[in-house]
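Welcome! Please look over the sequence and the 3D structure below, then try each exercise before reading its solution.

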Amino acid sequence: MRSSNPVLNRLDETTRVESRVLGVGVADEMTVDDVVVRTVGLLLLTGVTGLVSWFLVPQEVWVPAALAGSALAAIVLALVISLRGITNPVPIVAYAVVEGLLLGVASRAFELVYPGIVSEAVAGTFGVFLGMALLYRARLVRATPRMARLVAGTLFGLVAITVVNLVVYLVTGRQGLEVYSLTGEVGGWAYVIAVVAIIAGAFSFILDFDLIERSVRAGRPRRYAWLCAFGLLTGLVFLYWQLLRLLSYLRR
């Protein structure tokens, strides 16, 4: 079964190629703890750089770039790392730093307009993540091929909408189906897209947990834990961003 997260999907293909070239058999195999440690480390790094940018980066200069750039950076860097199957921690750590800087500035801008919104979005993000982890652990929600197709199709569609709207916004300054302004009027489609994105992002964790579990059972090399951690980080950032925007919509 393939995950809806393209970062984690890359594991299967890359490992098969390495097995043919280098031979089967890995002495240093990946464990769930390896993934957990690396994921926590990347999240802490993202959070620390976010705090640095929150207090030190001039908001008047960087807010417009951060609001658009955080989405663009996530898409471009995630595609580069996933399509090349990068397991080197250097570019993955660099992604965490860049994303932290961008989200820190954007979060501060939202917080100044809507006090308390950042803590709500952070709590919501980890609440959804932990909730899906508990559901997966209890086997109350199972990863199925049908779920994988549905979630993957939804996320790919959302990415396409985001790219088109982002280009239109950067070129013309006009808002599309997604709203990048902090105080601008929000149409019905913006609410629909945000809610669908949050639901799809939540269920993508089920597929990611399943793929990580199967990767551990397959005995993949430990360095692939970095790629798994990166996949979870991109999912958490995506979910946080969608929650932050939805909460801002609800306060307008």
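## Exercises with worked solutions

Arg 174 is exposed, with a relative accessible area of 61%. This is a predicted model, in which local features need pLDDT of at least 70 and side-chain atom pairs count only at pLDDT 80 or more, while totals for chains, interfaces and linings use all residues. Residues are numbered from 1 along each chain as its sequence is written, and side-chain values use heavy atoms, with hydrogens and water left out.

**Exercise 1. Decide whether Arg 38 is buried or exposed.**

Start with the cut-offs: buried means under 20% relative accessible area, exposed over 50%, and partly exposed in between, using a 1.4 Å probe and protein chains only. Next, take the value for Arg 38, which is 18%. Arg 38 is therefore buried. As for its place, Arg 38 sits in helix α2 (residues 32–56). Finally, look at what surrounds it: setting aside neighbours within four places in sequence, Arg 38 is in contact (heavy atoms within 4.5 Å) with Arg 222, Ala 225, Trp 226 and Ala 229.

**Exercise 2. Find where Arg 174 lies and what it touches.**

Then leave aside its neighbours within four places in sequence: Arg 174 is in contact with Val 168 and Tyr 169.

**Exercise 3. Check the length of helix α7.**

Helices are DSSP runs of H or I with at least four residues, strands are runs of E with at least two, and both are numbered from the N terminus. Helix α7 has 30 residues (188–217). The expected span is 1.5 Å times one less than the number of residues, so α7 should span 44 Å. Its end C-alpha atoms are 45 Å apart, which agrees. Just after α7, Gly 219 has a positive phi of about 75°.

**Exercise 4. Describe how α6 and α7 are arranged.**

The axes of α6 (residues 145–172) and α7 come within 9 Å and cross at roughly 135°. Angles under 35 degrees count as roughly parallel, over 145 as roughly antiparallel, 65 to 115 as roughly perpendicular and the rest as oblique. The two helices, α6 and α7, are therefore oblique to each other. Among the residues that meet here are Val 151 and Leu 155 in α6, and Ala 197 and Ala 200 in α7.

Key:
Axes are lines fitted to C-alpha atoms, for helices over the stretch in contact, and angles run from 0 to 180 degrees between N-to-C directions.
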